[in-house]
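Please prepare a briefing on the structure below.

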There are 4 protein chains.
Amino acid sequence: MGSTWGNHLKISIFGESHGEGIGIVIDGFPAGFECDMELIRRELSRRAPGQSGLATGRREEDEPVILSGLLNSATTGAPIAIMIKNLDTRSKDYEQLRSIPRPGHSDYTGQVRYRGYNDIRGGGHFSGRLTAPLTFVGALCKNFLKKHHNIEIGSHIYRIGEVFDSPFDLTLTDRELLAQLQMKEIPVLDEKTAEEIKETVINVKSDLDSIGGVIECAVVGAEPGIGSPMFHNVESRIASMLYSVPAVKGVEFGLGFALAGTRGSKANDCYTLKDGSVRTKTNYNGGIAGGITTGMPIVVRAVFKPTPSIGREQKTLNLVTGKEENLWIRGRHDPCIALRAPAVVEASVAIVMMDLYLEAYGYDAK
Amino acid sequence: MGSTWGNHLKISIFGESHGEGIGIVIDGFPAGFECDMELIRRELSRRAPGQSGLATGRREEDEPVILSGLLNSATTGAPIAIMIKNLDTRSKDYEQLRSIPRPGHSDYTGQVRYRGYNDIRGGGHFSGRLTAPLTFVGALCKNFLKKHHNIEIGSHIYRIGEVFDSPFDLTLTDRELLAQLQMKEIPVLDEKTAEEIKETVINVKSDLDSIGGVIECAVVGAEPGIGSPMFHNVESRIASMLYSVPAVKGVEFGLGFALAGTRGSKANDCYTLKDGSVRTKTNYNGGIAGGITTGMPIVVRAVFKPTPSIGREQKTLNLVTGKEENLWIRGRHDPCIALRAPAVVEASVAIVMMDLYLEAYGYDAK
Amino acid sequence: MGSTWGNHLKISIFGESHGEGIGIVIDGFPAGFECDMELIRRELSRRAPGQSGLATGRREEDEPVILSGLLNSATTGAPIAIMIKNLDTRSKDYEQLRSIPRPGHSDYTGQVRYRGYNDIRGGGHFSGRLTAPLTFVGALCKNFLKKHHNIEIGSHIYRIGEVFDSPFDLTLTDRELLAQLQMKEIPVLDEKTAEEIKETVINVKSDLDSIGGVIECAVVGAEPGIGSPMFHNVESRIASMLYSVPAVKGVEFGLGFALAGTRGSKANDCYTLKDGSVRTKTNYNGGIAGGITTGMPIVVRAVFKPTPSIGREQKTLNLVTGKEENLWIRGRHDPCIALRAPAVVEASVAIVMMDLYLEAYGYDAK
Amino acid sequence: MGSTWGNHLKISIFGESHGEGIGIVIDGFPAGFECDMELIRRELSRRAPGQSGLATGRREEDEPVILSGLLNSATTGAPIAIMIKNLDTRSKDYEQLRSIPRPGHSDYTGQVRYRGYNDIRGGGHFSGRLTAPLTFVGALCKNFLKKHHNIEIGSHIYRIGEVFDSPFDLTLTDRELLAQLQMKEIPVLDEKTAEEIKETVINVKSDLDSIGGVIECAVVGAEPGIGSPMFHNVESRIASMLYSVPAVKGVEFGLGFALAGTRGSKANDCYTLKDGSVRTKTNYNGGIAGGITTGMPIVVRAVFKPTPSIGREQKTLNLVTGKEENLWIRGRHDPCIALRAPAVVEASVAIVMMDLYLEAYGYDAK
């Protein structure tokens, strides 16, 4: 029951890493929206491994086939279903993993949960590849929110290993900055960080190892008063969606965990008037107070753990023999999954924002 | 639409800080469970301000009145409704806040969202006081999970300001340790930390200021194979509930944000046999892989921001005059809300675990 | 998990026939609505047994106590919780029913479902008394829909035993007619039917028996284009809510079951212009086509079975002895529950319409 | 937001009558179930128009393509996605319907709801063709429930026009009877009825007209104690699903609308022991009391309106000219959609039963 989400925009994701393909059904998207398929493809290619040598060698076109819900390139109001075919699969790489589940991956938990019937090839339905359909939906939502509500959603790589980019200015209003980040191969605020990141990842890769990272995402233009208190507040919903992305192990808003060491006299965002609008002078709360948008940028960070599939020797259990043995994972894997995460994080946030706007404004979210 | 939650266990919370009272309806709790009302009262009193002088001066008995769902102290299977009356309210403290919304609080966002009709007294429905009914449900779930599944849920204060307690050993199995933490006024692992925390909070209070903190919570005894991939995975659900607690601005599992600086060769939890059961040697994933429990302890941390209501002068906007002015918040407030949070964090986690067990095992969660 | 409902307006009902009372939490109702409490009380009294001698002798004031969500008689946007206390209970009437479950009632199924822990007094949570809080919510929604969307919802008793009232003209537009029906003790279109109904019920009562009936409800003023295809279409949602009312065993729209004997050339409602608006000349589809409102009146009928609690001798099983024996149900019961059903049917329909308008228009349903 | 359904089994339907195809995603189906694809194909072919000349001339193979969720013909626990391609479409038939919406169909309401962007070809997403994926899911559920819970679900045509079949004996226990009905081209209890039905439909067809009908469905073998009171009771859930089937305008259980003319002394189903099990002597409540199964057969009837697409002249509005004009619908249509409905009704009921068993028993519904 885990692959269906939503209150107003409902999405139902399907597929496996090494099956026919992956896809999604999107229910509740407003009718009459002209999808910019180029923009959607661009977002999908931001998530795709790319040619940089910093990612998995698996090459997928990730061309979304529209199964329903579009007519003459406009949404009809009926569910939008898409499918992305799997083309470059090498399933023999995964045969042994039934008996020796990969550490840090879903192999073992998936087997217990589904009594051994789960498709274990490439992680099956647990694969990071499932973020491609999520990126499709998110790109559609980003496209809509920008056109109808002048909302821009962008992100940068805030940290990889011990390399840190500058953080966002929490009070940023520069939509153009966010738009430009989306065009970069390695989206960072400080240009020099990009090189350091590349170096780090190359080192990690040559060690047959992997490394984690943090993505920082900002939403500029969300109006105040969106969301609700308690269980469906903006933070709950964004966090819930971000944690659906495989490898995410932490989510924080505004100052986040640093608030533990901060006094109220600093952390409180005092109000002021700016160009006739109510704004806060600082934005340590990340654009959300009482679970509801303040009108300031929403700023959220998500940490991605290092890819669990590594080539290095790992001593782990063989479930069949009951003995520990050395495992070397072959297959083609990303040394740093966080590098490909910005489009996915933006998509996740965009889906939630779309759902919130549908809740606030009804069928057409206008 | 924000105050109703759940898939299998459904809860619907109501009430305001300065209204008649606060309460909750719990739908789907198994029939025939003998509630230990003493245990529930103890959990409620852990959340209550206490006599230490470290918390708000507001004194509430927090005695839950059972409105339905119990007969001869056993659950009947029908919805359990409870109410906690508000006794010690001083609403005149809040009159001016319509025009001068408190920084960092829901006053402004609530007004925008509800077009000025929200009950602003004491934060109304946004108040931290709403965590009392949540604690009631959580205590009920903890009680059930312990009795029927030998699951123990406990927590400690990991950080207040610059004072850090030792973190949990991520592979802990000691249920007794968790049980004992629940009996402490200031639950910490290192005794000396308690004194340092008190000192910090007293200092902050004398400065008419507030301070944030981090609670670390562990679940020992959850079996492997609970949860689902994608949107309703264990992390998504726990994070979503924790973010429903006012003041939470970050949630992380296992190594959490530190995974950004960790290599896969370390972060991966390799499997082994222990007493005939599959276990991991380390637990950097915090008991969850692929969104599903591994059978290792679930370890989660949540950061609480400093209480936004502080006595210090704050220069902020008067919405009526359009001018900034100095605000001194009177009323009775906690200098460190995190001190009262352990019971609430445990309750939040317990509610999610209960929901997951109902999903896995059906009506009776057995 | 059965007592919580809703997508946009969420309601969570609680209470038992012979417990402390009954109540409901309403989440998602727009802020700033001034409730007409007199109107709500009138609706509750329409559902109450009345003084006619045609209903149960149990006398309840059914005075709703507001627990939350209202301030200065306007909704605040926070959940509205109400409770109606049980005052006139005589629980000793029900003692024997654990071993001899009443035929046609929930006594047996409730015991199996809740393993004997259900509150069996007066039917517990299964009691028809639970329709009082439902009527409260429905009255609130009717009030809102009338004020903001000029929607009138009314009903009449279409059939009791072999007495038939005239059916509604399916193309009716007369809001006043619907309003007047709400003021009648026995709401019928043909005055003489009222007397025949009384006679029928008196006869049935003197036979210590009970009788069924049909309520026909109409919604005038719903605009076209509300609802969605497939699972959440208007008929599905209204039917789902009506079947939640104890004793309902059938629901039909427009011509309903008579459509089985009707040809398409008659059943099709052809379009025309009326006062510049698109209307249908007939309305055999009951105001709904493709699951979406047409702008014509929504007409729905629900059948209520005869009250299962009757004084006549019934030969049924004693679960303890395993022998059949004669049962005479004492207690105070309605000879014809359908007589009290019009307010409940209207309330059920109103709740669904409110949910649909929130979906269509967002937070404020305007 | 209308095409996604479910609490435990979640389904998300997509597609249009004249688009690429139609399909469905099924989330939450237990892992390790070996699908009998032959049985599923048989159910799909029962729904398909057949060769009898009594149905639409459109010929579709309705071959379901599995997109995900199956491996070596067993379910993996991941979402099962299927697609059925549209092969025999003639979309030019539908061009004029934007300006002259077909009476009784969704053309007008769909245009209002989706502001003219709906795919109107063949009814688009509103088409009866969407019942094919529903039948797929239902067949899967029937298969599961029979294998694991010995539940048989069958139906017959109870009425077409003025031809009535014998009704089910409400206390039936004969699984074989239900299984045999599934093998018949025109499933009726009295053989002679089949001929009368054919005659009726041929007459109607030669008149370029259509006719309605009633399907009666029975579930034998459901255990007592399944379901919940109030909003998610068995009747609400079954009715809600049946109303999702296009053309259904009425649903009733047990004696249904006839209960209006029935006294309690007859309608009450008294308990008895049969082969050591608690049973009722009669079953006028249709196997459900208090919203929960009694262990007796669940008997439900649904009325299907006459197909709105008819060849006869209809005088209706041209939205463009604002004038009424004569419409003759060409295209290929069923004179009696009810003939093809039995498999769909059984599927709808099976899906709900599956959802209820998952709720009662957890992940594996065992």
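The points below cover symmetry, one interface and ring contacts.

This is a predicted model, in which local features need pLDDT of at least 70 and side-chain atom pairs count only at pLDDT 80 or more, while totals for chains, interfaces and linings use all residues. Residues are numbered from 1 along each chain as its sequence is written, chains are lettered from A and ligands numbered from 1 in the order in which they are written, and side-chain values use heavy atoms, with hydrogens and water left out.

**Symmetry**

- Chain D is superposed on chain B by a rotation of 180 degrees with 0.0 Å of shift along the axis, at an RMSD of 0.0 Å. The two copies are thus related as by a two-fold rotation axis.
- G362(D) is the residue of chain D that comes closest to the rotation axis, its C-alpha lying at 2.0 Å.

**Interface of chain D and chain B**

- In chain D, 13 residues are in contact with 13 residues of chain B (heavy atoms within 4.5 Å).
- Because 100% of the interface residues of chain D are also interface residues in chain B, the copies meet through the same surface.
- The two chains bury about 860 Å² between them, 42% of it on carbon and sulfur atoms; this is the accessible area (1.4 Å probe) lost on being put together, summed over both.
- Between chain D and chain B, 7 residue pairs are in polar contact, both residues at pLDDT 80 or more (a pair of N or O atoms within 3.5 Å; within protein, one must be able to donate a hydrogen and the other to accept it, and residues adjacent in sequence count only if both atoms are side-chain atoms).
- Salt bridges across this interface number 0 (a side-chain nitrogen of Lys or Arg within 4 Å of a carboxyl oxygen of Asp or Glu).

**Aromatic rings**

- Over all chains there are 34 aromatic pairs (Phe, Tyr or Trp rings, the six-membered one for Trp, with centres within 6.5 Å; planes under 30 degrees apart are stacked, over 60 edge-to-face, the rest tilted).
- Y158(A) and F164(A) make an edge-to-face pair, 5.9 Å centre to centre with 80 degrees between the planes.
- One aromatic cluster is made up of F29(A), F33(A) and F144(A).

**Charges over rings**

- R113(A) lies over the face of Y363(D), 3.3 Å from the ring centre (NZ of Lys or CZ of Arg within 6 Å of the ring centre and within 35 degrees of the ring normal).
- K266(D) has its charged end over the ring of Y284(D), at 4.9 Å from the centre.

Technical notes:
Copies are superposed by least squares on the C-alpha atoms of residues with pLDDT of at least 70 in both.
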